[in-house]
Amino acid sequence: MSQTGGAAKSPQKPSPAHARTPSEFTEALRALRIRSGLTYRQLEDRAGAYADPLPASTIASTLGRSTLPRERFVQAFTRACGLDEAEVDAWLEARHRIATDMSAPAENEAAGARGTPVPVPGASVPARAPRWRRTAGLLGAACVVAAVLGLGSRFHDAPARGALPAMPVTGLRMPAVGSWARVHPARTPELCLTEGRDRTGRYRTAVAAQRPCDEAGLPQVYLEPVDENTVQIQWHHPKFGIGCLTVLPQGAARNLLEPRDDCADDNPAQQFRIESYGPRAPARFLIRPAGGDQCLSLRDQDTEEGTEIVQGRCSGAADQDFLIELIPPPHTVAAPGKTATSGRTTMHGAPARR
């Protein structure tokens with residue numbers, strides 16, 4: 001998001017100090033990524049230079065959950081976001097505090113059943129064993145080697161974007177870190193934008209279509225803001241991993257939307273502008289691919305189950321009207337490590353058509 005009126009003041013770094021639950025802690029991690037301005041791929045590269053394996057798919061799936069991330073993830077992720085060792089330590093301490101608070105009730109109950117003394121709230125806690133991060137000298141040497149090999153330049157291949165508003169989409173109460181959601185065509189509100197097939201049979205990999213929202217095996221949808229009123233539509237599939245809906249510009253699948261694993265904040269084919277649809281319908285929206293002046297709609301204005309979602313001329317017709325429902329984090333999301341690490345592929349592993 002562009003800045004005007006002189007140099008913009010850098011937003012304050014998100015802090016885990018006030019996080020009291022796993023979901024609050026994870027929300028703070030999401031805010032840290034938003035502030036960094038780095039894509040999942042760039043974070044993966046930065047973590048690799050510190051000898052911290054951190055696949056982009058793992059980052060996306062972990063930030064999409066409401067459970068407490070593993071300590072190794074917090075260490076690698078915060079370091080990749082550019083925090084120094086003291087700041088990384090503060091995040092790890094906060095994670096340990098939350099984990100301790102979560103385990104205390106069960107431990108106290110078990111201790112009471114055994115007749116052993118229950119710890120008094122506020123009493124000192126024994127020091128933990130040393131963490132893996134204590135090899136700071138070796139990690140510093142790894143950074144020097146990475147810089148010599150030219151990897152360091154990849155840390156800055158995209159400037160950090162400006163901070164998003166607290167509510168980045170007008171008319172939608174979605175936080176700046178994004179939200180799980182269901183997207184319903186307004187003409188068929190009992191159906192959702194989800195995984196389907198090209199009914200003509202000309203394109204055989206998964207495309208976006210309208211189908212029953214609770215059908216087993218379908219992906220969960222996550223909306224991640226990339227600019228004001230602009231989002232990435234991520235699919236977290238329980239079997240095939242994480243993909244971003246991408247508008248296909250040509251070929252047999254022209255104007256259809258396909259999930260691809262090469263999610264990138266700077267790819268206009270994976271960005272969608274969300275616009276309120278009519279003054280009396282604040283929960284209804286037009287969804288416009290950012291790379292042009294068209295709108296998403298139902299193919300041929302069909303209402304039947306399985307109808308594909310396509311981009312086409314913005315006509316104001318009822319089939320271009322969508323309802324967006326923000327929902328809590330699902331119990332299960334895409335398993336990490338399912339997406340490819342290079343190239344352009346669909347979520348189903350078939351080579352993507354260009």
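# Asking how we know

Trainee: Why does Thr 194 count as buried?

Mentor: Buried means under 20% relative accessible area, exposed means over 50%, and partly exposed is in between (1.4 Å probe, protein chains only). Thr 194 has 4% relative accessibility, so it counts as buried. This is a predicted model, in which local features need pLDDT of at least 70 and side-chain atom pairs count only at pLDDT 80 or more, while totals for chains, interfaces and linings use all residues. Residues are numbered from 1 along each chain as its sequence is written, and side-chain values use heavy atoms, with hydrogens and water left out.

Trainee: Where is Thr 194 found, and which residues does Thr 194 touch?

Mentor: Thr 194 is in strand S2, residues 191-196. Strands (E, at least two residues) and helices (H or I, at least four) are DSSP runs, numbered from the N terminus. A contact means heavy atoms within 4.5 Å. Leaving out residues up to four places away in sequence, Thr 194 touches Val 207, Ala 208, Ala 209, Arg 211, Leu 218, Pro 219 and Trp 235.

Trainee: How many helices and strands are in the protein chain, and what is its average pLDDT?

Mentor: The protein chain has 6 helices and 12 strands, and 47% of its 354 residues count as buried. As for pLDDT, this is the predictor's confidence in each residue, from 0 to 100. The average is 76, and 71% of the residues score at least 70. Over residues 1-10 the pLDDT is below 50, and this stretch has 10 contacts in the model beyond near neighbours in sequence. Residues 332-345 also have a pLDDT below 50, with 48 such contacts. Where pLDDT is low, the predicted coordinates should not be read in detail.

Trainee: How do you know that the span of helix H1 agrees with its number of residues?

Mentor: The expected span is 1.5 Å times one less than the number of residues. Helix H1 (residues 22-36) has 15 residues, so it should span 21 Å, and its end C-alpha atoms are 21 Å apart, which agrees. Among the buried residues of H1 are Phe 25, Leu 29, Leu 32 and Arg 33. After H1 comes Gly 37, with a positive phi near 70°.

Trainee: What makes Phe 73 and Phe 77 an aromatic pair, and is the pair stacked or edge-to-face?

Mentor: Rings of Phe, Tyr and Trp (its six-membered ring) pair if their centres lie within 6.5 Å; planes under 30 degrees apart count as stacked, over 60 as edge-to-face and the rest as tilted. There are 3 aromatic pairs by this rule. Phe 73 and Phe 77 are 5.5 Å centre to centre with 10° between the planes, and this pair is stacked. The two residues are 4 apart in helix H4 (residues 71-80), so about one helical turn separates them. Both Phe 73 and Phe 77 are buried.

Trainee: Why is the pair of Trp 180 and Tyr 222 called edge-to-face?

Mentor: The ring centres of Trp 180 and Tyr 222 are 5.0 Å apart and the planes stand at 80°, so this pair is edge-to-face. Trp 180 in strand S1 (residues 179-185) and Tyr 222 in strand S4 (residues 220-227) are 42 residues apart, linking distant parts of the chain. Trp 180 is buried at a relative accessible area of 2%, and Tyr 222 is buried at 4%.

Trainee: What makes a set of residues a nonpolar core, and which residues touch the most other members of the largest one?

Mentor: A nonpolar core is a set of buried Ala, Val, Leu, Ile, Met, Phe, Trp, Tyr and Cys residues joined through side-chain atoms within 4.5 Å. The largest has 28 residues, of which Phe 25, Ile 59, Phe 77 and Trp 91 touch the most other members. The elements giving it two or more residues are H1, helix H2 (40-49), helix H3 (56-63), H4 and helix H5 (85-114). Another core, of 24 residues, lies apart from it and has among its members Ala 181, Val 183, Ile 274 and Leu 296.

Trainee: Is Asp 300 buried or exposed, and how do you know?

Mentor: Its relative accessibility is 64%, so Asp 300 counts as exposed. Asp 300 sits in the loop between strand S10 (294-298) and strand S11 (309-313). Asp 300 also has a positive phi of about 60° although it is not a glycine. Most residues other than glycine have a negative phi.
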